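Here's a quick tour for anyone new to reading protein structures.

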Amino acid sequence: MLHPDRLFAPDRTRRALARRLYESAKDLPIVSPHGHVDPRLFADPQAAFGSPADLFIFPDHYVTRMLYSQGVPLESLGIAPADGGSVERDPRAIWRLFCTNFHLFRATPSGLWLRHELSQVFGIDDTPSAANADRLYDEIAEKLARPEFSPRALFARFNIEVLATTDAATDTLEHHRAIRASGWGGRVLPTFRPDGLVNLDTPGWRKNLEALSAVSGVEVTDYASFLRALEARRAFFKAMGATATDHAALTPVTAELSPQEANTIFQRALRGQADAADAARFTAHMLMEMARMSIEDGLVMQLHPGSFRNHNRLLFERFGPDRGADIPIQTEYTHSLRPLLNKYGNDPRLTLIIFTLDESTYARELAPLAGHYPALKLGPPWWFHDSWNGMQRYFDQVMETAGLYNTAGFNDDTRAFCSIPARHDLWRRACADWLAGLVARHIVDVDEAHEMMIELAVGLARRAYKL
Amino acid sequence: MLHPDRLFAPDRTRRALARRLYESAKDLPIVSPHGHVDPRLFADPQAAFGSPADLFIFPDHYVTRMLYSQGVPLESLGIAPADGGSVERDPRAIWRLFCTNFHLFRATPSGLWLRHELSQVFGIDDTPSAANADRLYDEIAEKLARPEFSPRALFARFNIEVLATTDAATDTLEHHRAIRASGWGGRVLPTFRPDGLVNLDTPGWRKNLEALSAVSGVEVTDYASFLRALEARRAFFKAMGATATDHAALTPVTAELSPQEANTIFQRALRGQADAADAARFTAHMLMEMARMSIEDGLVMQLHPGSFRNHNRLLFERFGPDRGADIPIQTEYTHSLRPLLNKYGNDPRLTLIIFTLDESTYARELAPLAGHYPALKLGPPWWFHDSWNGMQRYFDQVMETAGLYNTAGFNDDTRAFCSIPARHDLWRRACADWLAGLVARHIVDVDEAHEMMIELAVGLARRAYKL
Amino acid sequence: MLHPDRLFAPDRTRRALARRLYESAKDLPIVSPHGHVDPRLFADPQAAFGSPADLFIFPDHYVTRMLYSQGVPLESLGIAPADGGSVERDPRAIWRLFCTNFHLFRATPSGLWLRHELSQVFGIDDTPSAANADRLYDEIAEKLARPEFSPRALFARFNIEVLATTDAATDTLEHHRAIRASGWGGRVLPTFRPDGLVNLDTPGWRKNLEALSAVSGVEVTDYASFLRALEARRAFFKAMGATATDHAALTPVTAELSPQEANTIFQRALRGQADAADAARFTAHMLMEMARMSIEDGLVMQLHPGSFRNHNRLLFERFGPDRGADIPIQTEYTHSLRPLLNKYGNDPRLTLIIFTLDESTYARELAPLAGHYPALKLGPPWWFHDSWNGMQRYFDQVMETAGLYNTAGFNDDTRAFCSIPARHDLWRRACADWLAGLVARHIVDVDEAHEMMIELAVGLARRAYKL
């Protein structure tokens, strides 16, 4: 059984406070403004999750990277290599391998999420192991076949108020359309992500650009028509319910080009002649353009730099992206964001939410910036830092300088739909525990802590994302 | 009511120890060797603080930046734009706006300081709010009119042993002169800050140089006379009681130039032709010259790099400096300080106190350096890190390697005179709590902890600053 | 008396758990796979430690740097300057100076180690001071003269299962040979450290190269013979029991050269014409060659970059290396290790153990890398971070992402043989306390914590180092 007081500090005073604060927020709806769940799951009322391996293992790069790091070949986890090499196809065998290695997840966030999921979604309180692997497989598979375990049924059971997906700017949003057309009441919103267009070095950029022309109805031949096409897509996403855009970049460098300079680079890219420096300058410029468009159309802008993608070349070539080999790099915000913030950061119409993988910037750069510029908010602890200790560092290094009200609540940022309640529960427990510590030290009083708890659970995210 | 055990860990054993340690130090005098209080407040026995807004809001960029970050225009806080735009003039209206937004300061150091000030200085234990704003205004205004709330009276009530101000190298120190001439017993000392002269890119450098010639009696025409003029000013500050100098720089880079090179740059600056590289090299060189002069005249040298000033250009142009838009940058010490430390760091006559805004350097660079070079001491957690959690990080990341005795006690570094007791109280509570943790874990014994407590409260600062 | 619960959190629940976990591991043998103890101590059955000053002061740069930082001249600690200046020769006088300044070690790891050593090895529970210095000296000196205080006797008493030394690649390993020949049962293994050969800028490189030719029997005249000689030495070390190699570098940059490029640089070095850039490129290349050789011969590869050696030039010139003036620098791993990891990181035959002096890389770079690449393991908190708080940061910033099983247990990394039990005890207490916190928060259960405790104490180190 999951302990009802799990994660709370053992000190009696603080634990009692934490429990009360948590109780006041645990049944609030889930607001999920940023994530990667496949909207297809909700477009078709008959959609199902597949086998236990489909649900717990393949889509979760946190799981596959940890197993891989200890010598488990990806092929044996059912991940097929591009070179046509052999791959394990039996989901039960894959599940067994996962259960046999479950000790690897001790004291990791994945371990906490997986146990929460097994317990709260499937009623399984045993720790997976070689001995019980087959029994657990059967139990989960049996449940997944029931209608009350369909994605839509779980969406309701999870009490999700709103779920935002992340979608390429060229996406037709057909699944979102189907969801709306179906009359189902779940609120699933798209998010506009133009990385494949504004980052000129994206593999397949040329193809993405053609797709842009096709879906936008704007023939993109130069920088000006490129902007018009992007604006058209933003308007379309907004009409489909989007409230936000999402941007990845290796660095948060921003710098404005003249339209002529931008077009010169764009033309080089069209001819396949743009180099890495061109791409970097163009991204830096387009981040500023995106801020400008956000001011005009009201979409909230999200930026999360600092991930070196596909660090392991061999794995990337054999298995493709998102296999656990994205590694953070050091990131600089003070100089990098200055051009954008100087031009747009004082404008109350802009909301720019920043995420980081470099925690050394929390207290040094990001909290001071967010505690000053009206447009800037800090996103929650992200990716490798979406963890118990990552949250402690976030609270301790961000809140004193940025202030709670310049943060943006929680994001689960997950592909693994069934882990959403586990992730929000971990956040809410961390918030309750943090606030209990503040109350126990008489830094805030109980009433203030209760208000802050609700803000952290739902209020900040609703407001920051205009939901 | 402020809780008597506020900020102490809730664990019963540790809290009892913390309380005892705190009790032994809470009534010790305040030693304030570095700050920005206006000496005028003490020069005139009739000086007063003005309205509650004058006292709590205008001079405190921690307060104004947080309000600004949440969309409160600076004009509505009584800060006049240079462009002659409208500004709120009614201190009561400003005070109301501050009280209405007081929730923004939850869990921030400003929130703790403000509540301590209201409670301990003005006897007000209510949390400010829209509802009680007018009542609090009246209460504070009434008290500020009384003689026992004059700056000199509060100086005595606060039990301040010594208060150092920070003064431009060209300052005539007339207010310090007036304080000494008045026969009043308070010890208020100047600190020599030559940034406006040694940083060639300071706006108004030429004017500062003329002021230097005027006040020093040395006609500054070249690098050699520049040094003579600075030496004369240091001697004057020392004669006026100064024990320290204070230096800001974007980076802590130090590097010696030959007198010829230094003069070449200086002559370019005189002709208005020095560029950014010249300025950087000259600053790097002048830091070494300042160390050399410190060895000769015994003034303690303080260096606090790493703040990118006036990050928000719009705000700077409309409202001037010190409006909350100074943002830290990453800082490198190991290579940067090496030239200075290699030349002067083994000399027992030098005391160089370093502050940082980049906490990632605490355990990596600064503690190892301070734990080795006889001349080097580490200043307390500074600015954004002068906070409960900033102090925890300082204790945990500095003390094990630097050793307590290579640190320099506490600085309040404030413009807000009435916040001085609050800031020292927070530090003393943090020290007591830290030491209580060490005793509870049997890392030091109670007697050692008591000695360390007194050192942290007053001893280290007195010795490091030669007070 | 050392408190039996020292270092454990005061919270009753957590402390009781910590005590039980610690009890289960405290009497396990010591596995010491990386350190700097002189093998001579065990080669001769009659070897002795010398005076108390020889044991506690001279060889411990943690001790001498702290005393030096507070103005104690190295000469007065018995460290002779190269310029023939005077030096204190009386070990009792040196011991007195150390005891008089013992307060400097309050709350430092040295303080904890020294008190543990005095208490557990010598039965002395007094805190050293000026008052008891002579008495303590006599007590220790008397004990050191007894046979049960010989290095071999203490090796047995300390319950050391295996002790690895660190040895230049050109070392004849005569002391290791003598140990093996003596029939004594203690397991003391060499470790292959080729820094003086692969880092072309090492002072005395040319001499080292000649020694390499001499000991390897391979006449080194070019890059190819250089590799052959290194391979021969590795084979010899392996035959003498070595299971690992050890590599220092200023940065962890890795980059492969063609054999022709490598030989061109090597020839320049032979002619004394290699510059700093050559040396950096050659080191980056040789790290890759060392990984290649490790795959071939199975020796575990250790890399610990980031120390700027001999920062204090004056001290280096007067007293030589290892006098406490090695200062960490910021370190980058994501880009730097990529060439090596891309070529060899997926190979299960390689074990690469990384240490860092830049803790900002724990959660950002090292834990994500170790949580992905099969070849990579993270070494324990190192040097300045081998401390109570350093261990907390390591647990909190590494374990969630890397996973416990991608770490390599503990290293004491010490020259001070008698401090080995103290260092392992501190680690085991820190582990017990950390795991107790996880159990108290219900993150792992008690059985899991017990398994993890044994892994941390001995299992991870045994497996990572193939012992």
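Which domains does the domain assignment give for chain A? There are two entries: domain 1, made of 12-49 + 150-464, and domain 2, covering 50-149. Before going further, keep in mind that this is a predicted model. Here's the picture, topic by topic.

**Chain A as a whole**

- If you count up the secondary structure, chain A has 20 helices and eleven strands.
- The radius of gyration of chain A is 23 Å, close to the 23 Å from the globule rule for 467 residues, so chain A is as compact as a globular protein of that length.
- Buried residues make up 56% of the 467 in chain A.
- Now take the contacts in chain A between residues at least 6 apart in sequence: 75% of these join residues at least 24 apart.

**Where the two domains of chain A touch**

- The contact between them involves 23 residues of domain 1 of chain A and 25 residues of domain 2 of chain A.
- On the domain 1 side, the elements giving two or more residues are helix 8 (151-157), helix 15 (313-319) and helix 19 (420-440) of chain A.
- Helix 19 of chain A provides the largest share of that side, with five residues.
- Sorted by class, the domain 1 side has eleven nonpolar, five polar and seven charged residues.

- Chain A has an open sheet of three strands, in the order 1-2-4, with parallel pairing.
- Which strands sit at the edges? Strand 1 (30-32) and strand 4 (188-189) of chain A do, as each pairs on one side only.
- Strand 2 (residues 160-164) of chain A runs parallel to strand 4 of chain A, and two bridges join them.

**How the copies are related**

- In general, two copies of a chain are related by a rotation about an axis and a shift along it.
- Chain C can be laid on chain A by a turn of 120° and a shift of 0.0 Å along the axis, with an RMSD of 0.0 Å.
- The two copies are therefore related as by a three-fold rotation axis.
- Chain B superposes on chain A by a rotation of 120° too, with 0.0 Å of shift along its axis and an RMSD of 0.0 Å.
- As for the surfaces used, 5% of the contact residues of chain B recur in chain A, and the copies use different surfaces.

**Chain B against chain A**

- Here 37 residues of chain B are in contact with 37 residues of chain A.
- On chain B's side, helix 4 (61-69), helix 6 (109-122), helix 15 (313-319) and strand 9 (327-328) each supply at least two residues.
- Helix 4 of chain B gives the most to that side, with four residues.
- The chain B side divides into 17 nonpolar, 13 polar and seven charged residues.

**Chain C against chain A**

- This contact takes in 37 residues of chain C and 37 residues of chain A.
- Several helices of chain C each supply at least two residues to the side touching chain A, among them helix 1 (12-25), helix 16 (338-344) and helix 18 (388-402).
- Which helix of chain C gives the largest share? Helix 17 of chain C does, with seven residues.
- By class, the chain C side has 15 nonpolar, twelve polar and ten charged residues.
- Only 5% of the interface residues of chain C are also interface residues in chain A, so the copies meet through different surfaces.

Methods:
Residues are numbered from 1 along each chain as its sequence is written. Chains are lettered from A and ligands numbered from 1 in the order in which they are written. This is a predicted model: local features need pLDDT of at least 70, side-chain atom pairs count only at pLDDT 80 or more; totals for chains, interfaces and linings use all residues. Two residues are in contact if their C-beta atoms, placed from the backbone, lie within 7 Å. Ala, Val, Leu, Ile, Met, Phe, Trp, Tyr, Cys and Pro count as nonpolar, Asp, Glu, Lys and Arg as charged, and the others, Gly among them, as polar. Domain bounds come from an automatic or database domain assignment. Copies are superposed by least squares on the C-alpha atoms of residues with pLDDT of at least 70 in both. Two strands pair if DSSP finds at least two bridges between them. The radius of gyration is taken over C-alpha atoms; the globule rule is 2.2 Å times the number of residues to the power 0.38. A residue is buried if 20 or more other C-beta atoms lie within 10 Å of its own, exposed if 12 or fewer, and partly exposed in between; C-beta atoms are placed from the backbone.
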